[in-house]
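This report describes the architecture of a two-chain model, from single residues to the contact between chains.

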Amino acid sequence: MIDTLQNEDSDNANGPVIEVEDLVMYYGNRKILKNVSMEVRNGEIMVIMGGSGSGKSTLLRQLMVLERPHSGSIKILDQDVGSMSARELFDLRKKLGVAFQGGALFSSMSVGENIMLPLHEHTELDPATMQIMARMKLEMVNLAGFEDLKPSELSGGMIKRAAVARAIVMDPRILYMDEPSAGLDPVVSSSLDDLILLLRDAMGMTIVVVTHELESTFKIADRVTVLDQGEILFIGTVDELKSHPSERIQSLLNRRADDEMLDPDAYLKRLTGEDVNGDATL
Amino acid sequence: MPSPQISGSISKSFDQLGRSVVNLIEELGHGGVLLWECLYWFFVGPRLGQPVRLRLIVSQMMEIGVSALPIVVIMAATIGVMQAIQGIYALGLFGAESRVGIGINLATVREFGPLITAILVAGRSGSALAARIGTMTINQEIDALNVMGINPVRYLVAPALLAMLIMVPALSLISMYIGMCAAGLYVQADLGISLAAYTKEAIDILSLDDLMHGLGKSVIFAVLIALIGVINGASVTGGAEGVGRVTTRSVVQSIAAIVFTDMVFAFIVTRI
């Protein structure tokens with residue numbers, strides 16, 4: 001049986017489904033996430049944004065439970081992922097859907113087979129019912145009739161849509177999307193934004209989107225988390241973000257680089273390998 | 001007193017040696033864990049409702065075994081004939097060329113059949129396994145399996161390992177038979193010894209122990225090829241170039257491991 005859980009926790013309709021507390025993550029000696037705390041509420045679209053190297057992809061991998069934090073805690077659907085058994089994690093994963101940046105469709109399978117894979121592995125449905133469900137999801141993402149094609153025969157936008165169809169085939173409670181608009185033209189990107197809004201409105205999903213596309217963020221986000229160098233700079237609505245007084249946030253919104261980057265002397269020093277005292281380091 | 005340059009170079013060499021040893025131990029440990037996980041999924045998976053799918057095992061068996069059959073047959077026949085040529089020449093020095101069948105049959109069943117088959121499978125299917133897992137790692141397909149609650153070891157590694165365990169001994173058996181037949185045909189043509197006499201000599205000289213010796217090592221080769229392919233594929237970094245690198249590394253390591261294990265196996269078994 002497929003878990004259709006949108007209406008669970010109806011008494012806690014806007015309560016948090018993801019709670020992150022003092023999350024710290026290292027890669028080698030480099031601290032990527034520095035005491036990150038945030039929450040994602042039921043049924044909202046939370047956009048996590050930030051520049052390159054800000055730690056947003058690392059945070060997403062933590063939320064997808066692909067990695068375990070070095071310290072701090074993550075609660076997903078009221079379960080602490082740090083103390084979860086393999087069986088509990090297996091059950092939790094059935095309630096999560098992920099659309100990866102490059103789609104991550106299995107190239108040896110057709111689009112339809114890709115979408116039916118979670119059904120094959122987690123349900124006892126007969127093949128005809130699985131095919132109907134796969135077609136329903138493909139229709140939802142405007143890919144009806146493409147189930148027999150291989151991923152290599154699809155365009156970039158179609159791959160992302162097929163990845164979304166696979167991610168939602170088990171009707172997950174939480175959908176993660178990594179850079180859904182990256183590499184797409186504005187028209188395709190906008191239609192993907194519409195799809196994200198549709199998934200929230202029609203299926204009541206909680207959606208976490210990692211992106212650096214401002215237009216997309218402004219269009220779809222209920223709330224926005226801004227990460228900068230592994231720290232949370234801001235959490236709030238789009239309106240609050242736009243009117244936030246912080247110069248750093250306004251720089252990000254206006255796509256301005258750091259002041260240091262614009263300083264020609266500092267730039268020249270970096271190129272020549274001199275440190276601030278004027279000593280050559282090369 | 002050694003100069004600072006020499007001392008630096010010695011310490012660098014020791015450093016590299018130490019790192020290589022640590023890497024080797026790490027990979028051996030990784031291989032052990034993978035093998036254990038595969039056994040876990042074979043025996044415990046069905047009770048958890050997560051069996052190793054027969055469809056995937058059959059698909060891997062087709063790829064590893066059936067598709068490899070033509071090249072295994074050609075190579076086995078070629079090596080059989082080559083052994084016959086060399087055997088007749090060498091024994092001819094002592095005027096004993098009529099006894100060539102003994103050497104050919106023992107060598108084919110105990111050594112060349114399993115060895116050549118394993119080397120061919122390592123080059124063909126071990127490298128394909130490394131490339132497949134490497135590409136899947138880079139394309140986040142392994143992550144996708146994980147987040148879908150599909151254990152990659154159960155879905156990718158266990159079927160490949162089981163298919164190897166069935167198909168490498170099966171191919172070895174075919175390789176032994178073809179090798180002996182091809183050698184027999186050459187011996188008949190060259191020395192005029194009839195195929196019936198050659199076959200009778202083979203039946204007289206070969207024992208079940210010889211066959212088990214050949215098949216036993218082919219089982220070990222199967223495990224080595226599968227695990228080395230998977231470990232290399234999973235360790236990929238750096239895009240398409242990285243996939244090429246781990247594929248090559250997988251073939252080299254598999255063949256080295258096969259030859260080394262063959263020697264150790266032969267040494268131990270002949271002394272028991």
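In which loop of chain A is Asp78(A) found? Asp78(A) belongs to the loop between β4 (71–76) and β5 (79–80) of chain A. Helices (H or I, at least four residues) and strands (E, at least two) are DSSP runs, numbered from the N terminus.

The model is a predicted one, in which local features need pLDDT of at least 70 and side-chain atom pairs count only at pLDDT 80 or more, whereas totals for chains, interfaces and linings use all residues. Residues are numbered from 1 along each chain as its sequence is written, while chains are lettered from A and ligands numbered from 1 in the order in which they are written.

Phi of Asp78(A) is near 65°, a positive value in a residue other than glycine. A residue is called buried if 20 or more other C-beta atoms lie within 10 Å of its own, exposed if 12 or fewer, and partly exposed in between, with C-beta atoms placed from the backbone. Asp78(A) is exposed because 11 other C-beta atoms lie within 10 Å.

Glu179(A), in the loop between β7 (174–178) and α6 (186–203) of chain A, also has a positive phi in a residue other than glycine, near 45°. Is Glu179(A) buried or exposed? Glu179(A) counts as buried, because it has 21 C-beta neighbours inside 10 Å.

**The two chains in outline**

From the N terminus on, the elements of chain B run α-α-α-α-α-α-α-α-α. The C-alpha trace of chain B spans about 65 × 65 × 35 Å along its principal axes.

Two residues are in contact if their C-beta atoms, placed from the backbone, lie within 7 Å. Among the contacts in chain B with a separation of 6 or more, 85% join residues 24 or more positions apart. For chain A, the corresponding share is 64%.

**Domains of chain A**

Domain bounds come from an automatic or database domain assignment. For chain A this assignment gives domain 1 (1–95 + 174–244) and domain 2 (103–169). The centres of these two domains, taken over C-alpha atoms, are separated by 23 Å. Their contact takes 11 residues from domain 1 of chain A and 9 residues from domain 2 of chain A. On the side of domain 1 that touches domain 2, α6(A) gives the most, with 4 residues. By class, that side has 9 nonpolar, 1 polar and 1 charged residues. Here Ala, Val, Leu, Ile, Met, Phe, Trp, Tyr, Cys and Pro count as nonpolar, Asp, Glu, Lys and Arg as charged, and the others, Gly among them, as polar.

**The nonpolar core**

A nonpolar core is a set of buried Ala, Val, Leu, Ile, Met, Phe, Trp, Tyr and Cys residues joined through C-beta atoms within 7 Å. The largest one has 137 residues, and those with the most contacts inside it are Tyr176(A), Met164(B) and Ile225(B). Helix α6 (residues 152–191) of chain B supplies the largest share of this core, 19 residues. Why does this core lie between domain 1 and domain 2 of chain A? Both domains give residues to this core, so it lies between them. Leaving aside neighbours within four places in sequence, Tyr176(A) is in contact with residues including Leu60(A), Leu63(A) and Val208(A).

Ile79(B) is found in helix α3 (residues 69–92) of chain B. Ile79(B) is buried because 21 other C-beta atoms lie within 10 Å. Not counting residues up to four places away in sequence, Ile79(B) touches Phe112(B), Ile116(B) and Gly179(B). The C-alpha atoms of Ile79(B) and Ala183(B) are separated by 8.3 Å, although the two residues are 104 residues apart along the chain.

Ser207(B) lies in the loop between α7 (195–205) and α8 (208–234) of chain B. Ser207(B) counts as exposed because it has 11 C-beta neighbours inside 10 Å.

Finally, 10 residues of chain B are in contact with 15 residues of chain A. By class, the side of chain B that touches chain A has 4 nonpolar, 4 polar and 2 charged residues.
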